[in-house]
Amino acid sequence: MPKRVFQHVNVDTANAGRILTVASVEDALEFMRRHWPRDKAGKFDAAERACLEALDGRQSVEAARRAFVAATQEAGLYIKERTP
C-alpha cells in the first residue's frame, strides 16, 4: 500500500537533539510514537487520531498533516514546513 504523502514538515526530536523530516501520515505516526516528549499535550491525541483515521480513509491526508503540525507547535517541536 502506498504511503499517504504530504508536504513535509521539519521537526525537532526533543530527546535526541536531531531534526527529522516528516513527509507522510505513516512518518507522523512513527515520529509521535518514537520521539514525542513524555508529557503529551492536548493536541497530541487529536493528531494521533487524525493520522489513524487518514490511514483508513476516514480523514484526509491534509487534515492529518494540519493536526500533526498543530501538535508539534504546541509541544515546541515544530521547526518549519519547507526547506529553502
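A contact here means heavy atoms within 4.5 Å. The model is predicted. Its chain of 84 residues has 36% of them buried. Three helices and three strands make up the secondary structure. Their order along the sequence is β-β-α-α-α-β.

**Val22 and the nonpolar core**
- Val22 touches Phe6, Gln7, His8, Val9, Val11, Asp27, Ala28, Phe31 and Phe68, leaving aside residues up to four places away in sequence.
- The largest nonpolar core holds 21 residues.
- Val22, Phe31, Met32, Trp36 and Phe68 have the most contacts inside this core.
- At least two core residues come from each of β1 (5–13), α1 (25–34), α2 (42–55) and α3.
- In soluble globular proteins, nonpolar side chains tend to be buried together.

**Ala67 in helix α3**
- Helix α3 spans residues 61–75 and includes Ala67.
- Ala67 counts as buried because its relative accessibility is 16%, and the cut-off for buried is under 20%.
- Beyond residues up to four places away in sequence, Ala67 touches Ala46, Ala47 and Ala50.
- Ala67 and Cys51 are 16 residues apart along the chain, and 8.2 Å separates their C-alpha atoms.

**The chain as a whole**
- Among contacts in the chain with a separation of 6 or more, 47% are between residues 24 or more positions apart.
- The chain exposes about 5000 Å².

Notes: Residues numbered from 1 in each chain as written. Predicted model: local features only at pLDDT ≥ 70, side-chain atom pairs only at ≥ 80, totals over all residues. Heavy atoms only, no water. Helix = DSSP H or I, 4+ residues; strand = E, 2+ residues; numbered from the N terminus. Buried < 20%, exposed > 50% of the residue type's maximum accessible area, 1.4 Å probe, protein only. Core = buried A, V, L, I, M, F, W, Y, C linked by side-chain atoms within 4.5 Å. Areas by Shrake-Rupley, 256 points an atom, 1.4 Å probe, with all protein chains shown as cover.
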